[in-house]
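Please have the sequence and the model open side by side while reading. The paragraphs below are meant to be followed with the structure in view.

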Amino acid sequence: GYFWFFSASNIEVVTKVLKFCSNPFNAYWVFAAGLTDVKTTLTYTDTKNGTVVIKNNPQSTPFVAVQDTKAFPTCP
């Protein structure tokens with residue numbers, strides 16, 4: 001997904017969730033990158049079991065990339 005805070009022509013954060021349900025990983029991966037230093041909270045919810053993963057980036061801090069390959073270990 002693409003997200004903006006102030007103008008649709010100014011993308012601030014890009015994020016994706018990937019299904020990687022094969023050995024040795026067996027998880028859904030969460031990635032995000034940003035072009036901002038605005039306080040950001042990203043909330044990801046596993047709609048199957050209700051598990052929530054929250055990623056925060058503090059105000060005035062360049063966005064730190066998210067590369068969570070164990071976010072949702074909920075593969076079938």
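This is a predicted model: local features need pLDDT of at least 70, side-chain atom pairs count only at pLDDT 80 or more; totals for chains, interfaces and linings use all residues.

Residues are numbered from 1 along each chain as its sequence is written, and side-chain values use heavy atoms, with hydrogens and water left out.

We begin with the sheet. Four strands form an open sheet in the order β1-β2-β3-β6, with antiparallel pairing; its edge strands are β1 (2–3) and β6 (66–72), each of which pairs on one side only. Strands here are DSSP runs of E with at least two residues, numbered from the N terminus, and two strands are said to pair if DSSP finds at least two bridges between them. In general, strands of a sheet pair through backbone hydrogen bonds, either parallel or antiparallel.

Within this sheet, β2 and β3 run antiparallel and are joined by eight bridges, with Val14 standing opposite Ala33 in β3. The hairpin of these two strands has six residues between them, and there Asn26 takes a positive phi near 45°. On to the next pairing: β3, which covers residues 27–34, pairs with β6 in the antiparallel sense over four bridges. Ala32 stands opposite Val66 in β6, and Tyr28 has Phe72 of β6 as its bridge partner.

Now to the threonines. Thr15 has its place in strand β2, residues 13–20. Is Thr15 buried or exposed? Thr15 counts as buried because its relative accessible area is 10%, where buried means under 20% relative accessible area, computed with a 1.4 Å probe on protein chains only. Contact means heavy atoms within 4.5 Å.

Thr40 is found in strand β4, residues 40–45, and is likewise buried, because its relative accessibility is 4%. A polar atom of the Thr40 side chain lies 2.8 Å from the backbone oxygen of Val38. With neighbours within four places in sequence left aside, the residues in contact with Thr40 are Phe5, Val13, Lys55, Asn56, Asn57 and Phe63.

Note on methods. Buried means under 20% relative accessible area, exposed over 50%, partly exposed in between (1.4 Å probe, protein chains only). A polar contact is a pair of N or O atoms within 3.5 Å; within protein, one must be able to donate a hydrogen and the other to accept it, and residues adjacent in sequence count only if both atoms are side-chain atoms.
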